[in-house]
Amino acid sequence: MSWRDFWNGEHKIYVNARHHRLHFELIGRDICDLIESPSTHMLDYGCGEAGASNLIAKKCEGLLLFDTAPNVRAKLLADFASNPKIRILDEAALANIEAHSLDLVVINSVLQYLSHGECMDALILCKSKLKPQGRLIIGDVIPKESGALGDTKALLSFALHGGFFIAACLGLLATFFSDYRKLRSSIGLTRYSEDEAFTLLSKQGFKAERASHNIGHNQTRMTFIAKPQA
């Protein structure tokens, strides 16, 4: 099983409905704060369930959602078919997006599931779709020294403040026996130091800075804001 297979199938990453709702509400607010203009044309690359998309779409002119997993795309089509601002893309549709037409590309909580080669390919594609003055935001990047303990502490803190602490504890126990833990042990998650992230982005033609706040609840992880270099 690959990470793509995992996300394309059934999983229990969210411990209950409250966790699911609060997770996407927080991500939605954080991304909305990064949208500079209501005329923004935006791509959410590797969007997953994209549970905050209706909220994000209110802040921009158009929102493109792309994910490689067919079952995820089918759910997105069902969830957002009624929103005229939202369009769901497969690989072919993404490739056909007009060059240099996007104001903003967000890649959130994705890099850890990509190899270095896949990450470079994604950055090259995103740069080709961004306007010269556009921005690339990469969120939830796992630092090189980070481990499962930091993620656990961040989740429990989020759960304590969000009112689902007991469910989170039970969920962590269930995760120990899950495919997610097995994949994390066998395939692993791709991690970057801050300097490695800057170097990667620079090699693909971006000038980047680290944001003061990571997208989402886990502030042990990193968000980078990058702009294409001339």
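Predicted model: local features only at pLDDT ≥ 70, side-chain atom pairs only at ≥ 80, totals over all residues.
Residues are numbered from 1 along each chain as its sequence is written, and side-chain values use heavy atoms, with hydrogens and water left out.

The protein contains 10 helices and 7 strands; these are DSSP runs numbered from the N terminus, with helices (H or I) of at least four residues and strands (E) of at least two. Its radius of gyration, taken over C-alpha atoms, is 17 Å, close to the 17 Å that the globule rule (2.2 Å times the number of residues to the power 0.38) gives for 230 residues, so the protein is as compact as a globular protein of that length. Along the principal axes, the C-alpha atoms fill a box of roughly 50 × 40 × 35 Å. Of the 230 residues, 48% are buried, where buried means under 20% relative accessible area, exposed over 50% and partly exposed in between, with a 1.4 Å probe and protein chains only. Among contacts (heavy atoms within 4.5 Å) with a separation of 6 or more, 69% join residues 24 or more positions apart.

Next come the nonpolar cores, which are sets of buried Ala, Val, Leu, Ile, Met, Phe, Trp, Tyr and Cys residues joined through side-chain atoms within 4.5 Å. The largest has 30 residues, and Leu43, Tyr45, Val105, Ile107 and Leu136 have the most contacts inside it. Elements that each supply at least two residues of this core include β1 (41-45), β4 (102-108), α6 (116-129) and β5 (130-141). Apart from this core lies another, of 28 residues, among them Leu34, Ala52, Leu104 and Ala211. Not counting residues up to four places away in sequence, Leu136 touches residues including Val105, Ile107, Leu123 and Phe224.

Finally, His23 sits in helix α2 (residues 17-33). His23 is buried, with a relative accessible area of 17%. Leaving aside residues up to four places away in sequence, His23 touches Tyr14 and Phe158.
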